[in-house]
Every structure is written in C-alpha cells, then in structure tokens.
Amino acid sequence: MDSGDEPEGSEGQRKKKRYHRHTPHQIQELEAVFKECPHPDEKQRMQLSRDLALEPRQIKFWFQNRRTQMKAQHERADNCALRSENDKIRCENIAIREALKKVICPTCGGPPLGEDSYFDEQKLRMENARLKEELDRVSSVASKYLGRPIAQLPPVQPIPISSLDLSVGSYGAPPPGLGPSLDLDLLPGSSSSSVMPFPFPTAVSELEKPIMAEVPTSAMEELIRLVQTDEPLWMKSASDGSDLLNLDTYDRIFPRRGQPYKSPDIRIEASRDSSLVIMNAVTLVDMFMDPVKWIELFPTIVSKARTVEVLATGVAGTRSGSLILMYEELQVLSPVVSTREFFFLRYCQQIEQGLWVIGDVSVDLSRESQFSSSSRSRKLPSGCLIQEVPDGYSKVTWVEHMEIEEKAPTHRLYRDLVNSGVAFGAQRWLATLQRMCERFARVMVTGASPRDIGGVIPSPEGKRSMVKLAQRMVNNFCTSISASNGHRWTTLSGLNDVGVRVTVHKSTDPGQPNGVVLSAATSIWLPVSCQRVFSFFKDERTRSQWDVLSNGNSVQEVAHIATGSHPGNSISLLRALNSSQNNMLILQESCTDASGSLVVYAPVDLQGINIVMSGEDPSYIPLLPSGFTILPDGRPGGASTSSNPMSSSSGGSLITVAFQILVSSLPSAKLNLESVTTVNNLISTTVQQIKAALNCSSV
C-alpha cells in the first residue's frame, strides 16, 4: 500500500479519499533512511516531513508498510529455504532406506538390519566417538600429569590392604571379596553430588511476569526502611547487643504483611548487621547478581543457586535495574540440619553514586508447593545496602527476614543455633563475606605475605593455582556434607544419638577420582570453646592425636599461604614425616570467622603438586577432601557475642567429622559392606581420640 494517508470517517468519505503516490525521489530518500533506521522516532519523522514535503502521518505509515513488506519478504525466503531443506532430507532418507534393504551382514550373511538396529548402531557410533574424544583428552592430561604417555603406563595390579590401611581420600580401592556386596540402592544418594536437582520449571509464564515486575518496588522501599531505621523498628538485645526486630512495630508500619505469619507453626527470623569489607561496591554487586559467583562467594552457606529467568537486564553497562528470578538452597555444615530452599526475586538498584541496594523477596507461585525439603521457607523483603567507601572498601548493611514453617523439628544438637536465627542470620552472611573478600584480596596481591612460606611456591602463578585447587577442595567438602535432597543420608547405629551417617554416589567429575565414593559424617557436641577446638585441629603438632591414619607420624608444613588477617586463615601443604608414602603430600585449608570454622584436607601426590607449583590449571587433579566443621552451639548463657561467637572462652562447640573414601574405581561396582564397616570404625575412633585429646571422654 503506497498511501500516505489513513482513511477516516464514514464509508462514503473513504470512497472519496484521494490517494497520493510518492515520487521516485521521495521513495529513494525514504529507502535510504529505512536502511539505516527502520523505526525512526518522532523527531526524525518530522525532519523527513520537512525535507520531502510530506505529512508526518504519511511518513509514519510509509515506514509501517515498508516494515510489513520486509517481514513478508523474509518469511517467504525462509519458507523457500526450509522447503528446499525438507525436500533434500526426504530424498536422503528415501535413499538410505533403499540402501538398507540391500545390506547383508558381512559376518553371517543374514537379512538386513531393521530400522531400530540402524539407529542403535548410529547411537553406538556417536558414543564411540565421544569416548574416543574423552580418551584423547584424558591421555593428554595423563601425559602432562605423569610425564609420559598413557600407553606407557604399567598395568595396575590389585594391592591387598587391610581395613585400617584404607587411607582417607586414597585412590586405591578395597579388593573384591572382602565382604558381601551391598547394592547401591540400599544406600540412597547414588547419584553424583555434582548433579543439581532443580524443582521448578525453567520458564515463567506470561501471566506471572507482570505480577513479578510489580513486587520489587514495594519490597525495595521496605528493605531500605529496615536498613536505615533503628528504634522502635529495631531494638538492641540485652544479652549480646544484636539488632532484634520489633514485630509489633513492623506490623503497624507494614500492615499488609502483618498477617501471613500469625500461624503458631510459622517462626519468624529477622536479623541485621553492618560491617566493612575489602571489595569495591561494583564488584560486590556483580558477584551478588551472578549465581555462579554467588556460590563462590558463600560456599559454606549456599549449596545451590540458579537463575530461573532474567526478567530485566538493567541499564546498559551496569546492574542497576536488574531483576532476576532465582532458586537457591542454603545449608548449615552438618548432615543433621535440613537445608532451606528459596524461590525468589532478586533486584538491584543504584540509588545514587556509590550506593546500591540488592533485595530478595519470595514470590507466591504454585511451583513453591514442589519443595520436598523438611521445612518451607519464604523470604520477606531482605537484602543489603552497599555503600562504596575509600581505599577499595565497601560498607555493607545486611538484613535477613524470613518465615520458617518446619515440617520436622531440628535435631536437638543444633536446635538452639537454628532457632536463635544465628544459623542463617545476617551476622553469618557478613562474617563469611568479610573473610572471603579478604581471601580474594590476598590472592590478587603479587608479593608474598610475611607469613607465607615461599620457597616451595616459585611464582605468583603457582600461588594462584594452589589457591584455586584449595577453593575447589573446600567447595567439594561443603557439598559432600550437605543435607540437601540430593544427598539422602542413611544412619548407621552406634556412636551417639546422631549416629554415623553415610551416603554413596558415582563420581564422574574431572576433579574427582572416577568410581564409587562413600561419604560419611557425624556431629558431636563438646563443652569446649570453638577457638580451642579450631586451634587443636589447625596445629600440625597435634595432628597425630586425631588423625588415626597417620600411624602416629608427625607432619611438617612445607608451604603456607595466608588467606586473611587471622593467622588461622591459611592454605598449607603438609608432608608426613617417617612415612612410607614419600610421594604423598596433604593439601589443607583452614578458615575461621565470627560464624564458625573449617579445617579441610586432602592427599595430593607429588606429580599433582608439581603441576600446581608450575602455575598450570589444577582442575583435573583429583581430590577427595575430608575434614571438620566447628560451630558455636548457640545455647543461651554462653559468653559469646553475636559479633564474634568464636571468641567466647566458655560455651560449647558443635563439631562435624566427615570423610570421603573411594571404595571402587569402577562406577558400576556394588558397595562393599566391609567399606561401610571400615568407615564407621574410622569415624568412631576419630571421635574418641578427639574427646580424649580435649579431655571430654565422659561426654
């Protein structure tokens, strides 16, 4: 349609309407503009109107008609191309079918293969190609790792070992026949720990999007008031000085949200804290809005995270205005504490120069009913305010506000810690954030710290490679003891009311030895301060008192990388003295902050350490970490404070002891009952030795 005027009025008026045909010059000019800008704005249309002596409405409708024409041309071209491709494929299919009718088996001279057999053969060919590619990759890694091609490696001979010779994280497996075979199905959790079950659809319906777009505005206003308002909305706790939310005041200020949690089965957790962290605001914002970086920043808290859908990308070049739908799973580092799952909106807004707000709020959608964990959790407006300050620091004020409806009570050992709100509260998030930001800052420094032992690590690249390997080790350990739905634990009898809990999975990850991996853990309470327990595990001089596999041998620290201002935050490379395994070293990372402590370790052979020291990528060095987590017991009356529970001289500790063992290098193998008995005895003996060393044998 070449008309530049839109018909108006009655039918008679439309019949009398005069149509205008554009001149060749006008069409040429319009076409030139269309190539550059198919959607001119009003200002551009007015300019064209003046230049070409046409009405603005004529310009507008010419561009509309031209876009419609262009779209139709593209669709016709696409249809022709698809029709041609379809005809080609149909001809090839007919030719293949005719050829298959004449095929005979070269071995037996039998009849031609059926269609199902043909496609099975194609699947096998594709699988063979994939396996060959995998073999080539592994051969390349092995030749670099061992210094010779994989074809030159001698055949592996089975080495008989006794039950107590089974080394933690060793790459050997107990020989077959040690005991009756135990089917993997008898111990749930046979799927790989790296598989992240996701209980929601991966797309948001068009009906849900407008609802979600309206939620962040009011939620952000509420979050900012929670961050910036003190009394009477927040009150100071008389026992430890922490901020407590006054629910009566909250209900008056935000009455629309005052009703949902009046049920006696629903518990409210609300906390607020503020501190300085050594990271600039823009970097923090980027890490908070990226689920992968979010997990890297909080490996001890966030066990899973995923973006369901990006609803708004924000201003170009920044995260301001971003809105994403997220799923996450939060954990306490013990298999006896249920994880908390959240399905929520995360939004980001730059309020002014150097000041950002990042908020979370759960959305009430039908898919929330698909949660299968033992507690149903909802985020009320929560998040943080990030204020950039000089010298690369940021001031972060964090608010956590949740509704918790537990389907099963928390185990008595952790009940005080969880019910007090400390386990998932703002203090824990900020303490972890401070420690991890310090860790990242230390890694970026090219020079060595005065506390680093640099003789073994020759270069900054070697240091970064060592830190990267240790980070993967800690992440793997945290995942291995999670109470996630992907880790269904089976409780063995004995030890205490917690019992030794075991789970098994088939490991296929590049960073783990392939085969069947048995994870085992237990948690205990000791009337000893967290700092004393951490120092006991951290000190290499007392290692022989708890490491039942060291056979009484002492260890020597041959490399040390400081990862924080606290002397307990470090990565160490340890060598066992007077040991028959001279080519085996121990990689260990210890970390402590106001929320708790970790000591994680894994054996690494000498060839692997050489790869790390040279600065090469350590992703393919296999690790099976074991270790300990230490948390304050959260019991009232202790001397600990919310600002630093680790500093208490009194009060008890919650300790989780965890081991991982490769019980077979064959992923299809059955779990040997002897291995379960071995690891049960291993943990029981370790717990007894810890209690004896800390004078708590009677507990």
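## Close-up views of a predicted model

**View 1. Phenylalanine 288 and its surroundings.** Setting aside neighbours within four places in sequence, phenylalanine 288 is in contact (heavy atoms within 4.5 Å) with Trp294, Leu297, Phe298, Arg346, Ile358, Cys384, Ile386, Trp398 and Leu433. A note before we go on: this is a predicted model, in which local features need pLDDT of at least 70 and side-chain atom pairs count only at pLDDT 80 or more, while totals for chains, interfaces and linings use all residues. Residues are numbered from 1 along each chain as its sequence is written, and side-chain values use heavy atoms, leaving out hydrogens and water.

**View 2. The largest nonpolar core.** This core has 46 residues, and Phe288, Phe298, Ile386, Trp398, Tyr414 and Leu433 have the most contacts inside it. Helix α11 (residues 426–444) supplies its largest share, 6 residues. Apart from it lies another core, of 38 residues, including Phe534, Val555, Tyr601 and Leu671. A nonpolar core here is a set of buried Ala, Val, Leu, Ile, Met, Phe, Trp, Tyr and Cys residues joined through side-chain atoms within 4.5 Å; buried means under 20% relative accessible area (1.4 Å probe, protein chains only).

**View 3. Helix α8 and its buried residues.** In α8 (residues 281–288), Ala281, Leu284, Val285, Met287 and Phe288 are buried. Seen down the axis of α8, these residues fall within an arc of 165 degrees, so they line one face of the helix; the arc is that of the directions from the helix axis to the C-beta atoms. Helices are DSSP runs (H or I, at least four residues), as are strands (E, at least two), numbered from the N terminus.

**View 4. The open sheet.** Here 9 strands are ordered β12-β13-β14-β20-β19-β18-β17-β16-β15, with antiparallel pairing. Two strands pair if DSSP finds at least two bridges between them. At the edges are β12 (490–492) and β15 (555–562), each pairing on one side only. Between β15 and β16 there are 7 bridges, and glutamine 556 has arginine 575 in β16 as its bridge partner.

**View 5. Serine 572 in strand β16.** Serine 572 belongs to β16 (residues 570–576) and is buried, with a relative accessible area of 3%. Its side chain makes a polar contact with the side chain of glutamate 557 (2.5 Å). Such a contact is a pair of N or O atoms within 3.5 Å; within protein, one must be able to donate a hydrogen and the other to accept it, and residues adjacent in sequence count only if both atoms are side-chain atoms.

Key. Buried < 20%, exposed > 50% of the residue type's maximum accessible area, 1.4 Å probe, protein only.
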